[in-house]
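Hello,

Please find the structure below, handed over for your use. My notes on it follow.

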Amino acid sequence: MSTDTPTASAGIMGRLKSETAAQHAEAESKPLEAALVSGAIGLDQYKKYLAQRWLIHRELESTTDQALKKDSRLGSLGLPDLYQTKNLEADLAQLGVDLKSIQPMKGATKLIAEIKNAPTPAALMGIYYVFEGSKNGARYIAKALGGRARITALKYLDPHGEAQRGLWMKFRADMDAIAWTPAEQDSMVKSAQATFTSISSLNDEIHAG
């Protein structure tokens, strides 16, 4: 079969999960992730975490808006309803962070470049997959922070509440329903792997700072 022949995705979401497992595990092993999951993160560090995520999501969603115009297949995913920039801005405002004061760290700069330079909408969706999937575990982090750390700025970590599982299942089904070419699938996996690796580096940078 030609790598340029559209076909049923044959479970692109399954491929993404299995072929990014190593990079995902590495990202979850980082000290910053442990601090978040246990609710032990300090408020200043949490602000830094959200600030860098804001820079990344702002670029990701702006670039996704452009991809939606280029590739009509993405319209089925309902991506604008899943965006996070406004949730991050609400959390940062609650924490008293001036958006104009936020400067990108090296890891965020790298991730933003990867987003801007994604060669195709499919490759961009590999990046998007990583952040959308992170919402599942983020709900547990929100509970930890709301308990032990008594942090209430949690719109980013728990944007959908009890609707999260249903929205994730829909996203999975909609991604699998798109006829990605084999080449697009490969590019999506490669982008997702690189994104997990970049997030690991950024989280180390935030933890060290």
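**What was found**

Of the chain's 209 residues, 48% count as buried. Please keep in mind that this is a predicted model.

Fold. The chain has 9 helices and 0 strands, so its pattern along the sequence reads α-α-α-α-α-α-α-α-α. Among contacts with a separation of 6 or more, 85% are between residues 24 or more positions apart.

Dimensions. The radius of gyration is 17 Å, which agrees with the value near 17 Å that a compact globule of 209 residues would have. Along the principal axes, the C-alpha atoms fill a box of roughly 55 × 35 × 30 Å.

Core. The largest nonpolar core holds 63 residues. Those with the most contacts inside it are Leu16, Tyr46, Met125, Leu145, Leu157, Met175 and Trp180. At least two residues of this core come from each of α1 (12-19), α3 (31-38), α4 (43-70), α5 (85-94), α6 (106-116), α7 (121-147), α8 (164-177) and α9 (182-208). Helix α7 supplies the largest share, 13 residues.

Surface and charge. The accessible surface of the chain is about 10000 Å², and carbon and sulfur atoms make up 54% of that. The chain carries 25 positive and 24 negative charges, and their mean positions lie 4 Å apart.

Regards

Definitions and conventions
Residues are numbered from 1 along each chain as its sequence is written. This is a predicted model: local features need pLDDT of at least 70, side-chain atom pairs count only at pLDDT 80 or more; totals for chains, interfaces and linings use all residues. Side-chain values use heavy atoms; hydrogens and water are left out. Helices (H or I, at least four residues) and strands (E, at least two) are DSSP runs, numbered from the N terminus. The radius of gyration is taken over C-alpha atoms; the globule rule is 2.2 Å times the number of residues to the power 0.38. Buried means under 20% relative accessible area, exposed over 50%, partly exposed in between (1.4 Å probe, protein chains only). Contact means heavy atoms within 4.5 Å. Accessible areas come from the Shrake-Rupley method with a 1.4 Å probe; for residues, only the protein chains shown count as cover. Lys and Arg count as positive and Asp and Glu as negative; His and the chain ends are not counted. The place of a charge is taken as NZ of Lys, CZ of Arg, CG of Asp or CD of Glu. A nonpolar core is a set of buried Ala, Val, Leu, Ile, Met, Phe, Trp, Tyr and Cys residues joined through side-chain atoms within 4.5 Å.
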